Each structure stands twice: as structure tokens, then as C-alpha cells.
Amino acid sequence: MTEVEVLIVGAGPTGLVLALWLTRQGVKVRIVDKAAEPGATSRALAVQARTLEFYRTVGLAEAVIDRGHKVAHVNLWVKGAHAVQISLEEMGHGLSPFGFMFIYPQDEHERLLIEKLAALGVGVERGVELAGFVDDGEVVRAVLQRADGAQEMCQARYLAGCDGARSRVRETLDAGFPGGTYAQLFYVADVEARGEAIDGGLHVDLDEADFLAVFPLKGRGRARLIGTVRGDRAEHAETLRFEDVSARAIDSLKLQIERVNWFSTYHVHHRVARAFRKGRAFLLGDAAHIHSPAGGQGMNTGIGDAVNLAWKLAAVLKGRGAASLLDSYEAERIGFARRLVATTDRAFMAATSPGPVAKRVRTVIAPRLAPRLLALSLVRRFAFRTVSQLVVNYRHGPLSAGAAGDVWGGDRLPWVQFASGGDNFEPLKSLDWQVHVYGAAPPGIQAVCQMRKLSLHVFDWRPDIRKAGLKKDAVYLVRPDGYLGLADPVGDPVRLTAYLDERGLAAV
């Protein structure tokens, strides 16, 4: 029997990020996947700003940006003609160090995460399937089966189910997976092409009651097509080829396809498990929730799950947090997953509804109204904050308390850039709790930080910091994932101490 602190089942982006974060925090992990090779026909493309912010804390953001593609504009097409171009440049200016729309295909994304994890001495065990597990309250005993049928027992303090929509972990936990499946059959094709729609921007055809888009990839002429399969062809998904569905892309978006690197079809689901945790086992990513492709949220939400759980597991395993800290994982993530599924479901239905009113909205109203709305700074900022997941917060979660300025406990720490070129996100690389003060720190706070071994970061106050929502001289207790635990407008050392004690947070 092998022993490990955390056994991770599933080596997609969610499982890989969980393994990376835990390893960086000194937790011994084992990550297994029943697939013999990493995925080569992935569909997720968008890497949102919040994910890049997480990656920056572990030194990964620069490598992702070097390998991916910034999208400068989105283009709407109607009836085979280019209708309008909407600039995305500077859309998130001042809101994040990564204020842009970004594309990095999931298959390439996974390979990079595997490389980074291997550099830390952790390899993905391929062809290893979870056959079953038992949680006795003290440890999890899992049976792992290799492709040749050989089995072994692995004992872990905790088990993380990152094993996708057909999760064995979720099935064993009997967590359910209520929701549904969209009727439309989708195709995805990685192509090399020429034409007006191959210009580095995102192109969307609004003609029919289904979906067709061209997503730019890094490299000359490279693009990914995602669309719905029409009519009777959808009944023959197993035998479809790109040639069977390519006419619309060629006719409507004027593409000249030079090469098809791969092609696949799939159905889209919208489901959320009834629970994300039972005992010592957790569900993350597609094992816990799956969404429509609207907004490019699915993979990023799974990565958010991983970051949220990783620091909590590390704290408990290293004796820096009470076991009750793990209860906050489901409390914080399941509500967001449910809201996200509902939101993306509405967006998806609006984009694909066959009615005449919906068609008029897509083909007439949207091309005229969208550029006018997005010309407004307030609308652009709202849209960016929403899609990029900067607005995700845990205000009503068990780890959140207080409010100072426009910022509440549970909010993401607002980004502040300094004239020197630095910013207030740099200290987050410690992956530990810390205190931020913008102005002057009260002496009592300094004493508490010293006693509790909390890093104290005091930043010079500037009037423009108020625009980020922060309050002068207030005390902000920042979690390892960059969200605020406590926001205290008066900097009361007693309140800070009580917050830490009530949640069982010990010194490093």
C-alpha cells in the first residue's frame, strides 16, 4: 500500500492545477488518470484574467501568455457579410494586470501544466483508473487499477475527484448530477485556413438558430472552428467528417480551408452535483459542474475550484488551519457553480433559440446595439469583470467578514498598480495569509502580525487608490488565493485576532 497526503483522480487542467498548487505548498500528492495520453481534442479555449492572476502567483502566467494569443477584436457576421467589429483592446484596463481576452487551447494548456508539475518532481500516472474507495473517517483507501488489470491500494488523507463529467468519485459519493443536455450536436475543428475571418480576431456568425465561431490560435493561419451540426447529420455523429459540416463556415465566413488538423463532435451538458464534498473526498471541475460554452467559463471555473481547495488542504495538512476550514470549499464554490450554469444556460438559449424574435435580435439588433453599448466605459468594465471572473466573490461565505470602502470580506483583492511599475499583487506569490494596509498601519496591527507571523504590507496612499474601492488606513486580511478574509475600516487588532482564532488559523 502506498501512502500520500492527497490523491488526485483526473489530470485535466483542474487536477493539474490542484497538484501544482499543493506541491508548491509542500503537500505530497499523487495524480492519476485513466487515459493513456493527455487530451488532444480539447474544446476549452479561453483563459480568463482571474485564472492568469492565479497563475502569476506561481510563476506560470508569463509562459501561458507567451504560448497563447491575445484577441484584439470580436467580429459579428450576418448573412455572409461582415457586419461589425468590436475592439477588445484595453477592455480591462486598470482592473487587472491581464486586462485582455486571451486564447490558449486546453490541450496545449495541459501540456504546459504537466511540464511545470514535472519540474517539481511530480509526474502524472497514466493508464491508472480509480476502481473504488472507502473513507473510514481517518483516511481514504483507494483501489487503483492499471491498464493490464493489476490493482494496488493507495491510502490518502484526502481524495480529490477531478475526473470529469463521468466521474467515478462523484458516482461513489452518490452526489447526483442534476441538470440536462442540450439537443444540439457540436463540432470542433482545428484548421489552417485563409480568408477575412483569419485575422487574429474572434468571428461569430449570427445567421441561424445555432452557433458558429472562428477562434484565433497562435500561429499563422491557425484557427479553431466551433459550430453546431444541422439537421439529420446530427444523428450520425460517430461517422461525421469535417467535410460534412464545413459548408457553412466556407460560405458564411468565407473561409478557405487548407488543412484540418483534427475534428470531433460532442454534446453540451448543464449540470451541478448536489454536493462538492463528502467526508474526505471532494469534487472539482467537470466532476462537480459542467456548463454550456457561453462565455468560456467552464475550464476557468474548474481551475478556480482547484485554487480554492488547494490552500485549504495545505493549511489543514500542515497544521495551520482547523479541519473545519475544509467546510468552506463547498460553501464558497457550489453557489457560484449554480449561478454560472443558470447564467450560461440563458446566454446559450438566447444565442440558439429558433424563434423569429430571437433571430431578429441576433441578426439586426445585436450588431447595431453591441458596439454602442461597449463604447461606454461603464459597460465595457462591467462586461470584462463579469466574463473574466473578477466579480466572483465569497461575501456570504464562512471565511468572510467586514467591509472597508467599497470592498467586502470575500471579495477579490482589487488590483492597484504603482508609479514604480510594481503592484499590490506581487506579495501574493507567498501563497500565504497576509495583511495589506494602504496608508498607515496602526501599531496594534503590527504587533498582531508579528505575533501571528503574518506578513504585513503597507503601501503608500494615493487618492487614485480609492477608485479601486480601498479605504485609507483600513486593514485587509488577504487569503492565500487573493480573496479577502477580513476587511476592517478601523484596523482593530482585537478584531483581527478574533477572526484568526474563530477560524482556527494558526501561525506559519
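This is a predicted model: local features need pLDDT of at least 70, side-chain atom pairs count only at pLDDT 80 or more; totals for chains, interfaces and linings use all residues.
Residues are numbered from 1 along each chain as its sequence is written, and side-chain values use heavy atoms, with hydrogens and water left out.

An open sheet of 6 strands runs in the order S20-S19-S24-S23-S21-S22 with mixed pairing, where strands are DSSP runs of E with at least two residues and helices are runs of H or I with at least four, numbered from the N terminus, and two strands pair if DSSP finds at least two bridges between them. Its edge strands are S20 (407–408) and S22 (455–459), each of which pairs on one side only. S19 (residues 401–404) is joined to S20 by 2 bridges, and the two run antiparallel; here alanine 403 stands opposite tryptophan 408 in S20. Helix H12 (residues 443–452) packs on the sheet, touching S21 (434–438), S22 and S23 (475–478), where contact means heavy atoms within 4.5 Å. Helix H13 (residues 493–502) also packs on the sheet, touching S19, S21, S23 and S24 (484–488).

Elsewhere, leucine 376 lies in the loop between helix H10 (356–374) and helix H11 (377–387). Because its relative accessibility is 46%, leucine 376 counts as partly exposed, a class between buried (under 20% relative accessible area) and exposed (over 50%), using a 1.4 Å probe and protein chains only. Glutamine 155, found in strand S10 (residues 151–161), is by contrast buried, because its relative accessible area is 16%.

Notes. Axes are lines fitted to C-alpha atoms, for helices over the stretch in contact, and angles run from 0 to 180 degrees between N-to-C directions.
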